[in-house]
Amino acid sequence: MEVYLDFENTLLNDQNLLNKKDKIKLDALAQKYQITILTQSTLSEVDQILQNKDIKIVSVLENKMKYKNKEFTHFLPLEQCNKILKNPFLYTAYTIEEITLIYSYQYRLRFFYPNHTFKLISHLKQPVSFLWVSVYNEGLKELYKQGQGLFIEVLFQDATKTTVKITAEPSTKKDWLLKIKKSPAIAIGDSISDYEFMKYCEIPVAMKNADKELIALCPYQTQFTNAQAGAIQFLIDYLKRQPS
């Protein structure tokens, strides 16, 4: 049985922490079952909390996976990225490689990544696994032309600007799950958006603190919230009832 877990508000408590006692329980589960974390955080942020090489970490933000101390990713073509960065209607562009690389600086990025060091750049010198790009809508057609052959996911759009995520391969939680899932699985999440990957697992479980819409869709629910380590307790209780 495989296990797929959302990270924030699912495995972590409301302070985005995992206490020592619950970490010991999670480590014991990881010795018996393949556990995969699907998260919008970076690999380094998750790895710093879990510190367990037997747990797969998938950062859909970075479009990377880490397992057994090895990283797996598909990098964007460097030359093509730099062409995108020359779009005359560019509002801002950024990516993360331990530090946040910003092509067109916007102070608001500090609110998205408060724990990161920022570096303003004029062009990329090494390939990256993703780009977040905002362009004024007049430059959107040109952006698609410059990104031909890549995967462009629209994240936000208003009357003047469009923000997209650009990767070499699809990078949603659903995309990663379908790529790595090999056997029946348990999926646990808290957001209605998590159902996009959870519906492909045999045992979809909503956290007690989950969105009401997700709870309505899932046949299973944790007895406790994320503040009470509900995901870990559900796994312990459910898996011990399964035949060896």
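Q: Which elements do the buried residues of H2 pack against?
A: This is a predicted model, where local features need pLDDT of at least 70, side-chain atom pairs count only at pLDDT 80 or more, and totals for chains, interfaces and linings use all residues. Residues are numbered from 1 along each chain as its sequence is written, and side-chain values use heavy atoms, with hydrogens and water left out. Helices (H or I, at least four residues) and strands (E, at least two) are DSSP runs, numbered from the N terminus. Going by contact (heavy atoms within 4.5 Å), the buried residues of H2 pack against helix H1 (7-11), strand S2 (34-39), helix H3 (43-50) and helix H10 (230-240).

Q: Which residues of H2 are buried?
A: Buried means under 20% relative accessible area, exposed over 50%, and partly exposed in between (1.4 Å probe, protein chains only). On the other side of H2, Lys20, Lys21, Ile24, Gln31 and Lys32 are exposed. The buried ones are Asp22, Lys23, Leu26, Leu29 and Ala30.

Q: Is Lys64, the salt-bridge partner of Glu97, buried or exposed?
A: The closest N and O atoms of the pair are 3.6 Å apart. Glu97 is partly exposed, at 28% relative accessible area. Lys64 has a relative accessible area of 6%, so Lys64 is buried.

How values were computed. Salt bridge = Lys/Arg side-chain N within 4 Å of Asp/Glu carboxyl O.
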